[in-house]
Structure formats: structure tokens, C-alpha cells
Amino acid sequence: MNLWRKPLDLQDIKVARGEIHIIKDLCKGCGFCVEYCPKDVLEISEEFNTKGYHPPYIKNPDECVECHLCEMLCPEFAIYVTLKEDNNVVKSASEEGGQ
Amino acid sequence: MKTDPKGVLVGSHYLSGNHACAEGALSAGCRFLSVYPIMPALEVSERFLARAKEVGATFIQMEDEISTLAAVLGASWTGKKSMTVTSGPGLSLMMENLGLGVMLETPCVIVDIQSVGPGLGLPNRPSQGDMMQARWGSHGDYEIIALAPSSPQEMFDFTIKAFNLSEHYRVPVAVMSDEYVAHLKEKVVIPPANKIEIEPRRYYEGPKDSYLPFKRDEDLVPRMVDIGEGYKFHVTGLTHDDRGYPIMNEECQEYNVHPLVWKIRNYVDNIIEVQEVHVEDAEVIIISYGATSRAALKAMEQARNSGIKVGSLKLDTVWPFPEKRVAELAKKVKAFAVPEMNFGQIVLEVERCSYGNANVFFVHHGEKGVENTDNILSAVKQAAQQNSVKDGIIECE
Amino acid sequence: MKANPRDVLTGVHYIDGDVAAGYGVLAAGCKFVAGYPITPSTEAAETFARVAPKGNAMFIQMEDELASISAVIGASFAGVKSMTITSGPGYTLMMEAIGFGAMLETPFVLLNIQRGGPSTGVPTKTGQADMMQSRWGSHGDYEIIAISPDSPQELFDYTIKAFNLAEMYRCPVMIMSDECVGHMTEKVVIPPAEEIELEPRRLYNGPPGEYLPFKPDGDFIPKMVKAGAGYNLYISGHVHDERGYPVTNEEFKSVYLRRLVDKIRRNKDKIIELKEENTDDAEVIVVSYGISSRVAVRGIEKAREKGIKIGNLRLVTVWPFPDEKIIDLAKTTKAFVVPEINYGQIAFEVERCCHGRANVVLVPHSGAGVHNPDDIYDAIVFAAKEKKKIEGIVEYKTKLEKLVFEGGFKLKE
Amino acid sequence: METLKTKKMKEVHPMEDVLRMNRIPHIWCPGCGIGLAVTAFAAALEKAKIDLNKVAIVSGIGCTGRVAGYIKLDSFHTTHGRAIAFATGIKVANPDLKVVVFSGDGDLISIGGNHFIHAARRNIDMLVVCVNNFIYAMTGGQVAPTTPLAAYATTCPFGSVEPPINIPYLADSSGAVYVARWTTLHIRRLTNSFIEALDKKGFSVVEVISPCPQYYSRINRLGDGLDMMKFYHDNTEIRHGEDTKNLDIGFQGKIIMGKFIDRERPSYTERFD
Amino acid sequence: MSPIINAFAQGIKKSGVKPAEVCVPSDIPFEPNVVKQLGVDYFHTIRGRAIVFGTGLKLANPALKVVPVVGDLMTLGGNHFVHASRRNMELLVICVNSFIYKKIGGKSVPSTSPVFSLYSTFEEPFNIPHLGNSCGAIYTARWTALHTDELVNSIAEALNKRGLSVIEILAPGPDYYTGINNIDSNLVKFYHKNSEIKNNEDPRNVGIMPDENIVVGKFTDKERPTFIDVYNAQLSKVIGDKFTPYGPVPTSRTGAGLGTGKNESGGKDG
């Protein structure tokens, strides 16, 4: 971070770190997440998913600042971000009803 | 289940068919009417609107008939019994959403006050020209129930019956009246609420997350829930499975559409009601429905008086067509006479179901007034004299 | 009258049914098509849109089907041949205007590429369940003509024929095709223009003062004029007299309405086209139309190999229904087998015309696919063996039905 | 990557509460923007703090018409163009419900145009989301009333000859109380707009400009979904409160977005009582 | 004869258009003798489809002058109006607005049952000039049936416009059951008395509100290429010389039509 004046509590400030989760088989390879990630965390991978698209992979996992833009810009609901410190965000699959 | 007394105007009234229809709807517990004004069905909505406030019913006038029926389907899914009323041109416009109603298996009632068609026709004259349309008017395969009342009292009774059938079989039910009955004023007896039996909605009562909107009961009818109860169901006009999710293949089409047909065809005996008079010894039977049965019954009496053994079969339920009964009677009688206010619609069904066992005489009716019996009588006389069975329909001039 | 060479794409093409229909529309001299996109009929409209400038014709995509059909009727009164293209749900929306068109005795053509129904159904797959609707879909009494082609070549040929019939009888003519034929790619031979015979509009040539828009000629059909030509037309969708003025007196109702049905019913023999094969001494006759007739051929051949005397009656014209033909055949045959992609529509008509003389076996199909020819074969065998007369239609239980409803089957998305 | 693989079966998207995850992957093409509109709407539903049991969503026919099938609410997939009419019935019969109509431009504006203007005039309390992709995509790329002049489509092989409709202007002149337009790229603003509109009493319209890489872009050679998103990035301008008559969209012209109308009018049910 | 028909007849005369070239698709019944006197071609169409019927007439024979006279413009036919305006189809839409509003100008207005009226009493009516303008109509005006001179001038002017023009006539009464002649004279007098002429007013401000004067006048008058103009221009651009323009040579002031060919389909009779 480039700050013009060092805050006094710099030690206490923590930049949020996110963990990106990619549900690869939902991806259709549109590339929105890769293009619009402000931190260039993602990149299209060489591998194929079951549908034959190239899903993204996490190139720079440590750069993620949990802005959720990739999550919002994914038309396939194939990517989401959780706060790294807080793993409780991940919900259990059993809540998925109506099947 | 007994009906809600709030809508029942108990007593003996002097009502037109249209007003009786509105009263019937309110008595049946109908609480949503959506219309677009069209002659000659206006009085139904007027009466309904006039009574809506005190009964707690909702009324909306939409921008056209297409949206009218769409709104009725939407309202029906909120748990309100819903209905619309129209005439021929409006019915034509409703056909697409009628198909949707069949596909979503939505209970609702459509009252059609038939006037002369096609096109604009004669908006203020009676006809029975929409009978085949009620059965075949929308694309694709489906079965529907249609009732034909012949008097204001029957307008009242059949409207209630239509709601009951519609809730029981989860299918849009048409009340095929006509301008004559709609504007005819007669005594209508409205019984107290505890004498009016109504069919409750077939609600699903299981756990919320295991609700399947198109899972069929034994009798092939699925169960419903209301919007806003937390079931979070999905329904679609596309071919769908039990969950209501679209699946685009042959198997699913069979799985989805065949029961739509079966759920009516397999229960025709429970649905169909006919009124028979003097059929036991009849040589000729007049098959009629709606307003024409008024003339038919008169003609029957007149013919009996002049010594011809004539009976009458009045179709209360026109669709599904009482095939079995007509086939049985065909073996016993010389001929059927079918008066209709059109150029031959139900008579084709009669021809089909008589299997060459009886002659079928078609009487184009209504020119000299709906209750005039001249044409029917002359057809009956002709029919009684004809001893051999002829091919095809014999049309009486 | 011959077709205009400018409009005819003479040659041998390898195209699908929809495209063939589009070429047929142009060749028939149609100058106005209004449509609204609906699967699976869009290719026909797209084709016409592409070739329309060549024939100085107009294609317009309207805001909905109601608008399309009304514009088509309007254009027809302006003096040009016109048509619209649609499928099931769109067809249903057009119902009010179809009755209106019939009432005004408007010549126009409607191409319906049927799909699986009801409601939205299966948009991308086939069906034949709009057949009764085409006859009965609008309110009131009217008659129309409906043709059911079974190949891209026929879609081309019968599109032209449909225009000719429409002009000749001044009534809506429906081409009731289906998705299978519409999307089937085959050889289509388009003949040179001089071999294509077109029926010109029956125009009135007399002085304006004496013109009566609904006064029939000897053959029940009145002559037309073009709008804006000084005839001071009064055309009403109400029941009207010969001048076109609305009639309110009920007594005249049938005088003026009757002709709408009579002009078709009395000209039936001229309109109806059938394709018959070995029906004279057949014990079983297969009655079919559209794509089902092509599937039926396989079943018929198989039955013939097994020594069953089998006839084939293909309804090219479905409406008006060939009552007399079926009545005659019922006298000599044991049974009719009716394969159709619905749960019984034309089968009811066959049953009606049998008058109890022959059995009727319906081979139904849900739609979204065509029959298994074995089903048709089995139904033929059943019909040939059955000795007694059965009242009512025998609905043959197809392999598909057994598969879906008799245990252990799971739907796959 | 290893850990991701092992955890995969347990992974669930945070929007699973409002989406029918068992139906996803959805039918939309790669790069299509409808999924983004759904994401924004799902996010808005979660943030809007409304009782999800009391929300019904109605769709018509078309690509966007399939939205109802993917959102876990009481959802209806109805006939072509009649979504608003169907929703009107729901709302009038049970005013406690929140009704959302989610459909495409062809469905809402072309065949359903009459219901659109009448519901706006009556001010029926509903949110109408119109995903505008400039074409009929479900049927294979026919001209829509929103197709820009001179753009190509399969039924206008020589370029569209009809001026496109200005949806915000139409909604405004018919009486809508809330009108906004965003592209799928402006996803956060779109989400906020949805939240505001869900909260609004009356007929609210949110137009979502969405890429259609498979038909509109392919026929007009505009590249894939990403190219369209880049185009939206470079050629859009936010002008809140802009007069709706200036909101025409030309072929590859500037797109003006923002919240244009936010006013109060008594809704139908209020008047009826 | 009713004031509307009278104004229509005079408007045609004044515009210099031959009555024989005028086609009137309408969903209001006209009396046969009225049509005879007007000398036009009249089509009584199904409800709400007069504009699209007219679109068909116009496109099939662009030489015609098509004047849809509609009674329920904004109910069944609302969508067709929106889209015809957008396309700028060359039609003159005469909208006989017979809405019945319970209270205008503080006075009670006789009103039939709300089911009969086109708008229920608790609904606001459309501002037709505004809607037309917003969809692209090139000429919008509103008069009561008693603004005779203005109405005649408006009709004459609009008949010579190229594009979609809409004239709203406030005339309580006529609908598809009672016909064009059946005007409620008391009500129309009332409207006339309580109206105020504001030409060139922004159509946005001319909504008909309870307790306010009705604004009448000519609100929009602009030029835009018509559907056929754009069609011809676009197709000649794309196809080039091979393209034969559709319709007759336009007497264009907009310059959009580039055609030289003659119309094959409509032609001679027009």
C-alpha cells in the first residue's frame, strides 16, 4: 500500500485476504473473471473441464484482496471468494434443497 | 366441504343468466375475476364488481383477453379461486393461455357467452359456434371439461360445478353458455351455504423441501401449494418432469402430456352428466345442450303428443363427450336429431359415436328464435319415417 | 397464369423444408410476408427475408403474431398475395384473426411448422397436435383448407398450391407441416417458371358503382377488388350482406354465413388431394399425413412382407376431411390404422366416417419425436388379426409409453 | 489446486440460498450476460432483507425467460410476452407478495409491449427486469424492437430498418415510478439498483444491457462476450436523472446509464382500496 | 353526421388527397352511408388490430393513404401503436378517445358503469400524445370533437405528413358497440368548455388529470424517415444497384428515399 502518511496504527491494519474457489465444471471459459480481476490473480488454464472449456486457475493466490468482483462477474456461478481467516463462510452441501 | 357463506345470496331471485353466473361464482368461493369488457358478457362483471367489496373479492379489468386469462392463472396460484368471462372473440385470444393453464394444471373457470361468429359476427345474438373451439382451440394435446347451461338456474349451478371440477381435476373448465341464456331472466334459487358442496383445493401437506409440483396422485392429478408459503417451486409451460424443470426429450413429453389426457379420459364416467327424458321407449332421441335443449324438450313434448316416440338427451357436460351413452342409445333408436345453433359441430361427435347404428339428423337451429321448435319437429318426423341407416349426417333444411 | 421467372430459383437444391417453403412463397408470387420469430419456423421467414428484395417483395417482422396475421389480411385486401409463418403458440394467438380472415373471405396462406405442445411444450421438436385446432380453433363456424406436406419438395410444391387454393376459394389456407419436415434436408427440384401454374386473384373488372364485394359468382365465391381503387369498399367483420354492410337481423344470419362453409363443403371434390396405394382390396388401411406417413411406410412394408394385405392412404389435404373416401373404404376393409403424433385427432374423424364398419386403431405419439415403425407394424398386425368389431378407437400402447410408464425408467435431462 | 479438488463435493456457491444449484450449469452460452443479471439479482435478494418466501418471480419466453427456472423462489415460466399479465394476477390477488418479472427485450417490449405499458400506467407494484441483448437469441438471432438501426439479424439480412425503441422513455411515458439502466459490466451498481427497486412501491423497470456473443455479436462481428464487456467499459456514461428521451442506443454508439426516474405515484392496489 | 366524420370529410377535402385513395381500417362501426359519403374504403376489423391491418395495407400498396380510426387505441391495440410509431409507419391514426373519467374540473361527469368505460375509475388514463411522441410519432395533436376548425386543419395537415401521425379526439361515446355516430353531446360540450389550447406544449405535460383543464392543441410536428424510406435506403446501401426500391418514388422532404423504381405490387389502381 502506498500511503502518503503512515497511519499510527499501521501494525493493526490488516489487508483482507481472500481465498478463491473455482467450481471448474461449471465454467464456460468466458474470461470475465480473468479480465476484470483488479489484482490479476486469475489466469485461463491449459486444462479442460468436463465440458471442454478452459477454466481459470489461481495464478497469484496471495494477491487476492477479497473484493468479490470475480464472483459478481461470473455468469456461471462457478467462482466465489471467502475470507481467508474465516473458513466458516463455507456452507455445507446439505443445505442445498429441492432435489 | 361447505362453501363460505359470505358470498352466498340465499333466497329465490329473479335473475338473468349472467347475473346468476356471477352469483354462482361468488357462491363457489370465487374471489378473483379478471375481465375485458365484451358483449354479451358484460353483466357478469358488473354484478361481480357490485358485490366484490362486501364479499372481499378482487376484480380487475385488463387491457385485453390475453392478459385477462394470464392474470387469472397467476391469481389461481395465489390460492384464490379465479375466473374470467368472455365471448367468442375473447375466447379466441385466450387460447394460448388456456394451453398454459392446461400445462401448469391450474384450476380456473372460463365462462364463454357465445355469440355469432366468426370474426366480429353478431355480438348480440346467440350461437353455439365455439363448442369445438373449447375442445380444440389451443395447440397441442390436452383434454378439457366444458359444461353447457340452459337456464339461469343452471348458470348458477354449473358455475359452482365448474369450480368443483376444476379444483378436482386441476384443469381449466369452460362454461359454454350463450347470449340467449345469458340474457334470459328466470327464477334462480340460491340455497344456503351449508347446502352448497364445494371441492377444496388439493393442497400438498408434506415437508416443504420435498414438494414436487407435478408429482401425480393415484388419480393422476398433482397437488398444489400457494405462492408465498415458502415452497419455492418452479413451474413451466415447457415439457417438464415432476419437479417442474424442463426436459426436452420424447420420453419426458410422453411422461408429461399423456397424463394430461388420461386424467380426464380415465375419469369420464365421474365427470359426465347428462339428463335423459323418455329415452326408454324412444325411436328418435333429440341430443341437445345449452339453450337448444329448451327447444328440444318442448319439441319432444309436442312430438309425443302427436304420437311419435321421442326422447331427449341433454348434455350437461359437453366435453368430455358422453361417447358411451350415445353409442348405447344408438343401438336402441332409429335416429338422433341434433339441433345446434351452428353449422354442425357436436353433431359430428354424435355421428362418430353412433357407429352406423342410427341415423343422425342435423338441425340448424335458432333462425326463427331459440325456443322455436318447427325445425326440430320436422327433423324428428323425418327421422321417425326413415327406416334404413344412411351414411353421413342428414341435414334438415 | 405462369410464375414470374424473377421469383423462381430454378434448379436442384439441397435444402431443408423451411427454406424450401421460403422459396415456394416467392415462386408463388407472394409479395408480403409478416412474421414473428418462433422455433421451429424461423428459417422459412429468414429465407424469405433474404430473397424478398429479389422479387420486390416485403418481409416485415411485426411485434407479435396478432399483428402479423392482421397485417397479412390487410395486405391481401390491398391486392397482393400474402402469408404468415408460425408455429403452435403463435398459431394459437392468431386464432381470432383467422376467423376474421375467413369472415372477410380473405385469401391468405399460413404456414404452421408444428411442434410439441401444449403451451410452450417442446419448441425444438416435432408434433402434429394442431390438426384439429386448424379446423376448429377460432370461434364461430367457418371452413378452411389445410394441407400436410411430408417432404421439403412437397413443402415447396404445396406452398404454391396453397396460394392457388387460397385465391381460388378466397379462404385461409393452412400448410400444416411439422418440425421434422421443416428441418429435414433433402433434394428439392425447383422447376422453371413456365412450369409453375399460378392462380391469379379473381378480380372484378366492372364499374365501381355496381360492385358488391360479397356477391358470389356461380361457384359460391365473390370477386375481389384492390383497396384504394375507387370502389368505396365497406368491409365488415360482422355478419354482412352482399354489399358488406352489417346484418343485425338474425333471420339472415345463415343466408350470409352459410356460404362460408358451403363454398368449401360443396367444392370438396375439387379441393381434396389424396395419395392412395393398394387400398382397393386391403384388409387394413393406414391413414396418415405429414411426417407420420413417411414413418408409416416402413411399417407398411414390413407388414406387406409378412403377407398382410395392406393399403396406404395419405391425406395430403387434411381439411376438408375426405369423408366420402373413408366411408367407401370402410365398406371394404377390416380396419384403419392411424398413426399420428398426438393422442388422437384425425383418428376421431376416421372413426366418425367408419360408421362402425371398420375398426380404428390409433397409434399415438407424444410428440418430440416420430413413431417407431415397429409400433405401426404391430398395430397393423393387431388390426389384421382382430375379428370382431370394436366400438371406439383402439389406442395402441406404444413402446414409448411402456418404456416411460411401466417401471424402472428414469427421466434424463 | 490439490486442496480444491478434494473439497470439491462439499463446495457450494454462496448464492445457493437463492439459486437452484441443482439446475446449474444453465443453458446460456459462454460469455452471455444473463447470468450476470441473475448474479446481481441474487445478490440483491440477499442484501435487500426481504422475506424470500414472499417473493414470486415470473418469466416469459426466450433466453432470459429461463431465469425463473434458476432462481429459488416461487417461480413461473409462462407464455411468450405474458409474464407481466401473469404477475399482475398474482399481485392483485395477493398484494402481500413481492412480484418480480424477469424477461428479455423481445418478450417484454415486443409481444408483451401492451402489458408493459398498461402495468406501468396502472402502476402495479412489481419490479420488471428487462435484459436487453438487442436480439431474439433463443430463436436464433431475429431482429428485435431493440436492435439498433443498420445492425444485422437473420430476419433483416440487409440490416435492421426499424429504429430501436428506447425502453426507459417508454416506461417513463407510461408511468413507471423507477427507471434505471445498467450494463452487465456495472454489476455493483446494477445490484444496488435492484435493491432500491425491490424496495420501491410501484412499477419499477431496470434495463440490463447484456452481451449476446452467440447471436448479436456473431452476426454483427463484434467479438465475444469479453469484447462486448470491454466495449461497455469504453462506451458508457453514467448520467443519473438524465431526461429519458435522450437514451436511444445507436449501433455501437455510446450507452447512457444511470437511474433516470425515481418518483412517487399511488400504486394500483392503493387506488383500488 | 357526427362532428368527427364531418371534420374527417373536410380534412380530406382540404388536404387535397383523393378520397378514393384513403383506406380506413377501424374497430368502430361506421354507418354504410357515412362511408359512402366519405368515399373512402372502409374496413371494420377485429378489436384493436386496425393499426396493424393498416400496416398491411400500406406496405402492400405504399400508394395508399391509410387512416386507422380507432376507439380503443390504448387497450387491445396499445402495443401496435407503440411499434407502428417506432417504425414510423406512414399512417394517420385517429384515436377517438371515449374514456370516461369520474371527475373533471371539480364537476361530476356522467359516467356509465366502470366496466363499460375503457378505463376503470381508479386507473389513470394514458397520455396518448406523450406515449406517441416517446415512441417516435412525428405528429401528435389532441382536440375535442367540438374544436371543429382546428380538427379539420389538423387532419388535413397530418394527411400530408410522411410518417406516423396521431390525432386524439376527445369524444365520449363511440365504441365498438355504439358506432362512430353515437356521441354524448353533453359530455363533449363539457370537455370543450373545460379545455385550453396550448400548441407546441411538451407532450409530457398534457396528461389528462382530474380537476385540471384538458390541454388540447398540436404538440409534435417533426420529420423522420418512414419505414419504407429507411428500408429502401438501407437495402440500396447494402445491395447496391441491383436493388429495386420498394414502393412508389417518394415525394421526400427527408431525403431518405433513394428510389427510382415503381411499385410492382400495388401500383396501377392507387
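1. First, the ground rules. This is a predicted model, where local features need pLDDT of at least 70, side-chain atom pairs count only at pLDDT 80 or more, and totals for chains, interfaces and linings use all residues. Residues are numbered from 1 along each chain as its sequence is written, chains are lettered from A and ligands numbered from 1 in the order in which they are written, and side-chain values use heavy atoms, with hydrogens and water left out.

2. Chain E, overall. You'll find eight helices and eleven strands in chain E (DSSP runs numbered from the N terminus: helices are H or I with at least four residues, strands E with at least two). Of its 270 residues, 66% count as buried, where buried means under 20% relative accessible area, exposed over 50%, and partly exposed in between, with a 1.4 Å probe and protein chains only.

3. Chain E, contacts and surface. Take the contacts (heavy atoms within 4.5 Å) between residues at least 6 apart in sequence: 69% of those in chain E join residues at least 24 apart. The chain exposes about 8,800 Å², and 49% of that comes from carbon and sulfur atoms; the areas are Shrake-Rupley values with a 1.4 Å probe, and for residues only the protein chains shown count as cover.

4. Over all chains, the search of the whole structure turns up 93 salt bridges, each a side-chain nitrogen of Lys or Arg within 4 Å of a carboxyl oxygen of Asp or Glu. One pairs B:Glu167 with B:Arg201, with the closest N and O atoms 3.0 Å apart. It ties together distant parts of chain B, 34 residues apart: B:Glu167 sits in helix 6 (residues 152–169), B:Arg201 in the loop between strand 9 (185–190) and strand 10 (234–236). B:Glu167 is buried at 2% relative accessibility, and B:Arg201 is buried too, at 11%.

5. A partly exposed pair in chain B. B:Glu276 and B:Arg325 meet in a salt bridge at 2.3 Å, N to O. This pair also links distant parts of the chain, 49 residues apart, with B:Glu276 in strand 11 (residues 274–277) and B:Arg325 in helix 11 (residues 323–332). B:Glu276 is partly exposed at 32%, as is B:Arg325 at 22%.

6. Chain D, then a network. The side chains of D:Glu237 and D:Arg239 form a salt bridge at 2.8 Å, N to O. D:Glu237 is partly exposed at 27%, and D:Arg239 is partly exposed at 29%. Elsewhere, salt bridges with shared partners join B:Glu351, C:Lys268, C:Asp323, C:Glu349 and C:Arg352 into one network.
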